Amino acid sequence: NKKLPVMLCHGEVDPIAKVEWSRKAFEYLLDMDMPAEGNVYPGVGHEFTPAEVTDMKEFIQRNCPPTFTVKIQKPLGAVMEEAEYPLGAVKIGSLKEGGNAEKSGKLQVGDQIVRINGQLVRTQGFDQVMESLVAAESEVELKMVRPIPDRDADWASLSGEEQERRYKDAGGVIKVCSDGPCSKQGAKNVIRWLKELTPPEFSVSRCGCTGNCGNGPNLVIGGKGKEDRVLYGVNTVGKAVKMLREEYQIQVLAT
């Protein structure tokens with residue numbers, strides 16, 4: 001199946017399975033136009049690392065998000081658009097105010113259609129999805145997925161619409177300063193901890209300088225009605241766990 005996403009993870013100094021094999025496999029998959037991605041982990045041999053496990057977890061969550069089902073009367077009151085990912089998927093581009101989709105209280109902009117009245121349409125393309133919606137009876141059963149936010153993005157690179165959506169819909173919005181001083185003080189580790197400790201619907205991203213340089217890594221926390229504010233010196237797993245417990249009532253165990 002050429003639409004099947006593939007991820008390759010490889011230790012740079014693996015003495016058993018050579019990293020060159022992984023690089024050649026990656027190039028081969030790209031030549032076949034398959035949606036492939038991968039990472040090579042510096043200094044890692046024939047073993048797992050926490051960073052690798054986190055990357056694989058993110059890959060699985062991104063490609064296999066949880067589904068939900070909703071029954072809606074036609075007309076739906078929703079504008080459909082082609083999704084950026086995966087290839088052939090269709091998403092809700094906008095909801096008509098007062099329309100049946102909005103009144104259901106279950107659908108959001110960005111949700112993707114998986115099945116229409118039991119028929120699998122996830123990657124069948126825009127025209128096929130629209131044909132199936134038009135052919136459906138007065139009440140249509142939609143099986144949907146809500147893609148998790150890209151947790152490797154820089155906040156400034158997100159569109160204003162996407163930023164607004166995250167503040168409204170994500171479980172929380174956490175931005176980690178990744179400028180020079182904070183980067184040297186372990187911002188990359190903080191991002192990895194937060195990705196491991198928070199639910200997939202949480203928005204975790206990189207951001208620019210938050211001030212008070214030299215006392216990092218610094219976080220900007222917000223979302224779900226919280227006013228953005230900066231926390232300084234979140235430089236251990238314990239401090240990250242404490243922040244999640246106090247600010248978002250997420251009960252996690254420090255390790």
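The points below go from the whole chain to single side chains.

1. Basis of the note. This is a predicted model, in which local features need pLDDT of at least 70 and side-chain atom pairs count only at pLDDT 80 or more, while totals for chains, interfaces and linings use all residues. Residues are numbered from 1 along each chain as its sequence is written, and side-chain values use heavy atoms, with hydrogens and water left out.

2. Overall. The chain has eight helices and twelve strands; helices (H or I, at least four residues) and strands (E, at least two) are DSSP runs, numbered from the N terminus. Its C-alpha atoms fill a box of roughly 60 × 50 × 30 Å along the principal axes. Of the 255 residues, 42% are buried, where buried means under 20% relative accessible area, exposed over 50% and partly exposed in between (1.4 Å probe, protein chains only). Among contacts (heavy atoms within 4.5 Å) with a separation of 6 or more, 63% join residues 24 or more positions apart.

3. The sheet. Four strands, in the order β10-β9-β11-β12, make up an open sheet with mixed pairing, two strands being paired if DSSP finds at least two bridges between them. At the edges stand β10 (203-207) and β12 (226-231), each of which pairs on one side only, and the twist averages 15 degrees from one strand to the next. Strand β9 (residues 173-177) runs parallel to β10 over five bridges, and C177 stands opposite C207 in β10.

4. Helices on the sheet. Helix α5 (residues 160-169) packs on the sheet and touches β9, β10, β11 (219-223) and β12, its direction making about 125 degrees with that of β9. Helix α8 (residues 237-248) lies across β9, β11 and β12, at about 25 degrees to β11. For these angles, axes are lines fitted to C-alpha atoms, for helices over the stretch in contact, and the values run from 0 to 180 degrees between N-to-C directions.

5. Nonpolar cores. A core here is a set of buried Ala, Val, Leu, Ile, Met, Phe, Trp, Tyr and Cys residues joined through side-chain atoms within 4.5 Å. The largest has 21 residues, and those with the most contacts inside it are I174, L194, L219, M243, L244 and Y248; β9, α7 (187-197), β11 and α8 each supply at least two of its residues. Leaving aside residues up to four places away in sequence, L219 touches several others, including I174, V190, L194, V230 and M243. Another core, of 17 residues, lies apart from it, with V90, L107, V140 and L142 among its members.

6. Aromatic pairs. Rings of Phe, Tyr and Trp (its six-membered ring) pair if their centres lie within 6.5 Å, with planes under 30 degrees apart counted as stacked, over 60 as edge-to-face and the rest as tilted; the count comes to two pairs. W155 and Y167 are edge-to-face, 5.5 Å centre to centre with 80 degrees between the planes. W155 lies in the loop between β8 (139-145) and α5 and Y167 in helix α5, so the pair ties together parts twelve residues apart in sequence. W155 is buried, at 10% relative accessible area, whereas Y167 is partly exposed, at 27%. F202 and Y248 are also edge-to-face, at 5.1 Å and 80 degrees.
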